[in-house]
Amino acid sequence: MTAQPPEPSPRHVPSGELRASHDDREAVVEQLRDAAAEGRIDPDELDSRLEQALKSKTYAELAALTADLPRADPPESRPPLVLKGGLHGASRGPGRWEVPGRVIAHGGLGGVKVDFTRAECRLSEVAVEAYGETAGVTIVIPDGWTANTGGVDPGIGVLRGKTTPDRLPGTPLIRLTGSGGMGGVVVRHPNRWERRKLQGNSARGQVY
């Protein structure tokens with residue numbers, strides 16, 4: 001009697017036929033929007049591809065929508081964002097920007113502000129090195145994000161962590177290291193004026 005070949009295991013299903021998750025579809029949506037912003041696809045084609053992406057059920061269906069687009073580097077592999085206060089200060093945000101895996105801020109004489117309130121972050125954790133130096137470093141994070149400040153040496157300045165401990169699911173952790181220097185390091189949520197500005201921008205549909 002001839003032996004029958006074993007039945008294929010579900011684990012041997014080609015990867016392209018595996019079911020896509022909500023996160024997989026959202027990642028493709030973001031890539032398509034980035035491509036449109038860069039002029040690689042026109043608005044009508046963007047709408048068509050977005051509709052297909054939201055209806056896609058497998059990896060293969062999603063891959064077909066981005067096959068003709070450059071592959072974006074994952075955020076964690078990108079070079080760090082380095083901000084130096086110098087004489088006149090430096091800032092990042094509150095406009096739209098994509099967060100790399102590492103941010104380095106030197107307060108210098110002018111100070112540095114890093115505002116994550118409208119940033120796009122696809123990471124579960126972001127390493128931020130903050131050196132207050134003379135003028136200090138201020139870090140603003142959205143509600144629902146949290147910061148771990150245990151790696152910061154306050155020095156002769158101050159370290160003020162004014163954030164809530166409640167971290168919402170799917171939001172990143174800001175892991176702070178560095179030193180306060182003379183100017184200190186502050187991490188907080190938006191203040192009243194910043195919240196009003198954010199609400200005003202949202203109401204006008206402002207895009208950065």
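1. A quick definition first: buried means under 20% relative accessible area, exposed means over 50%, and partly exposed is whatever lies in between, with a 1.4 Å probe and protein chains only. By that scale, glutamate 45 is partly exposed at 30% relative accessibility, while arginine 49 is buried at 8%.

2. Some ground rules. This is a predicted model, where local features need pLDDT of at least 70 and side-chain atom pairs count only at pLDDT 80 or more, while totals for chains, interfaces and linings use all residues. Residues are numbered from 1 along each chain as its sequence is written, and side-chain values use heavy atoms, with hydrogens and water left out.

3. A salt bridge here is a side-chain nitrogen of Lys or Arg within 4 Å of a carboxyl oxygen of Asp or Glu. Both residues sit in helix α2, four residues apart, which is about one turn of the helix. Helices (H or I, at least four residues) and strands (E, at least two) are DSSP runs, numbered from the N terminus.

4. How many salt bridges are there by this rule? The count comes to 13. One of them links glutamate 38 with arginine 40, at 2.7 Å from N to O. Glutamate 38 is exposed, with a relative accessible area of 54%, and arginine 40 is partly exposed at 49%.

5. Arginine 102 belongs to strand β3 (residues 102-106) and glutamate 129 to strand β5 (residues 125-131), so the pair ties together parts 27 residues apart in sequence. Arginine 102 is partly exposed at 38%, whereas glutamate 129 is buried at 16%. Salt bridges with shared partners also join Asp34, Arg78, Glu98 and Arg122 into one network.

6. Now the sheet. Five strands make an open sheet in the order β1-β3-β5-β9-β7, with parallel pairing; two strands pair if DSSP finds at least two bridges between them. The edge strands are β1 and β7, each pairing on one side only. β7 and β9 pair in the parallel sense over six bridges, and valine 152 stands opposite glycine 178 in β9.

7. What about the interior? A nonpolar core is a set of buried Ala, Val, Leu, Ile, Met, Phe, Trp, Tyr and Cys residues joined through side-chain atoms within 4.5 Å. The largest has 24 residues, of which Phe116, Val128, Ile139, Ile141, Ile174 and Leu176 touch the most other members. β5 gives the most to this core, with three residues. Leaving aside residues up to four places away in sequence, the neighbours that isoleucine 141 touches include Phe116, Ile174, Val187 and Pro190; contact means heavy atoms within 4.5 Å. Apart from that core lies another, of 12 residues, among them Ala20, Leu32, Leu46 and Leu65.

8. Last, helix α3 (residues 59-66). Its buried residues are Leu62, Leu65 and Thr66. Seen down the axis of α3, they fall within an arc of 90 degrees, so they line one face of the helix; the arc is that of the directions from the helix axis to the C-beta atoms. Which helices do the buried residues of α3 pack against? They pack against α1 (22-37) and α2 (43-55).
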